[in-house]
Every structure is written in C-alpha cells, then in structure tokens.
Amino acid sequence: MSRIGKNPVVIPQGVTVDVKDNVITVKGKLGELAQDFSDVSVKVEDGNVLVERPSDSKDHIAKHGLYRALINNMIEGVNKGWTKELELVGVGYRASNQGQKLDLALGFSHNIILDIAPEVKVETVSDKGKNPIVKLTSHDKQLVGQVAAKIRSFRKPEPYKGKGIKFVGEQLRRKAGKSA
C-alpha cells in the first residue's frame, strides 16, 4: 500500500473541502483551489480527507499517492501559503519589481522584463553587500514552482564560479578549473 496515500489529510480550522464529480475544491483564508482526479475515490470524514484506490494496479498505486500529495499541498497552500526564494549570484546581477513586472539585469545586452501571474506575489530584496533575492509567494504550490523555474532558466548556475540564479539554500556541485 502507498505510504503517502494511506495517510489521511487533516483539514485545519478555517479550511473547507468539497468533493463533487471528480473535482475537489479547497477554500481557505488565502484563496481557493480546485483539482480534477480520476481512478481514486476521495472522501471527507471527521475533519480528514481520505484517498482510496479501487485496486492494486500500477496506475492506481501511482495515482493514490499523487492525489493525496496534491490535496495536502492545496490545503496547506490556502491555509499558510507557499514561498520560493531565488538568489542572483554574479557581479552586476540586479532584480527589481514594479507591481507584477519583474525586471532582471543578468549580464545580457538588455534587461529581462517578466510579467508575473496575478496569483503570485513578487518581492525583491537588494541589500548592500549581499546578493539580490527574489521572493515569490502564493497559495498555489505548482504555480510558484513554475514561475521560479522560469526565472531560474534565464541564467542557471554554472559549476565553475557559481554565477547564475539559484534557490536560496541550494547546494551547487562545483568543478575545479584548469589545473596548472
């Protein structure tokens, strides 16, 4: 049995969960999320969400854990929210934002201006002597991860000097340069 799938998801105070026609809807103080599901059954009982599968086929086992994890992420997102932080490492790398427009100076001949989805709140921190940090916050974990991956794809960290856009706390595998 799936270790993740068999665990119930506890519904915290202030969060409502509705299941209708293979769509689960979660509402909380930070927003509302909906997710389609198939090949599993989802029940709400005694303040818990239970995900059950009809058989032990490979497809049902995979979807059992998947939908339980997605539902858990939705409930945690509308209750607490999700945050990703990106650090710009490199001389002259800068980040600023005007509302939902993120302006990145990454050593190209022009600045990259990115329109961020309205569900994601963007914030830039530029302290003197430290690398600029871009903070992304939303109730949708998938959307935050997708926006963070898009920003990171403009300049992935390179293994020799470590320059580029990396997640805060990410460990990079460094390579030795040319040996003398």
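Reader: How is the expected span of a helix defined?
Author: The expected span is 1.5 Å times one less than the number of residues. This model is predicted. Helix 2, residues 141–153, has 13 residues. From first C-alpha to last, helix 2 reaches 18 Å, close to the expected 18 Å.

Reader: Which residues of helix 2 are buried, and what arc do they cover?
Author: Buried here means under 20% relative accessible area. Leu 143, Val 144, Val 147, Ala 148, Ile 151 and Arg 152 are buried in helix 2. They lie on the same side of helix 2, because the arc they cover around the axis is only 165 degrees.

Reader: Which strands do the buried residues of helix 2 pack against?
Author: The packing involves several strands. Two of them are strand 7 (82–89) and strand 12 (133–138). The others are strand 9 (101–105), strand 10 (112–115) and strand 13 (164–167).

Reader: Which residue's side-chain oxygen reaches the backbone nitrogen of Gln 142?
Author: Look at the start of helix 2. The oxygen comes to within 3.3 Å of that nitrogen. It belongs to Asp 140.

Reader: How many bridges join strand 8 to strand 9?
Author: The two strands run antiparallel. Gln 98 stands opposite Lys 101 in strand 9. The number of bridges is five.

Technical notes: Residues are numbered from 1 along each chain as its sequence is written. This is a predicted model: local features need pLDDT of at least 70, side-chain atom pairs count only at pLDDT 80 or more; totals for chains, interfaces and linings use all residues. Side-chain values use heavy atoms; hydrogens and water are left out. Helices (H or I, at least four residues) and strands (E, at least two) are DSSP runs, numbered from the N terminus. Buried means under 20% relative accessible area, exposed over 50%, partly exposed in between (1.4 Å probe, protein chains only). The arc is that of the directions from the helix axis to the C-beta atoms. Contact means heavy atoms within 4.5 Å. A polar contact is a pair of N or O atoms within 3.5 Å; within protein, one must be able to donate a hydrogen and the other to accept it, and residues adjacent in sequence count only if both atoms are side-chain atoms. Two strands pair if DSSP finds at least two bridges between them.
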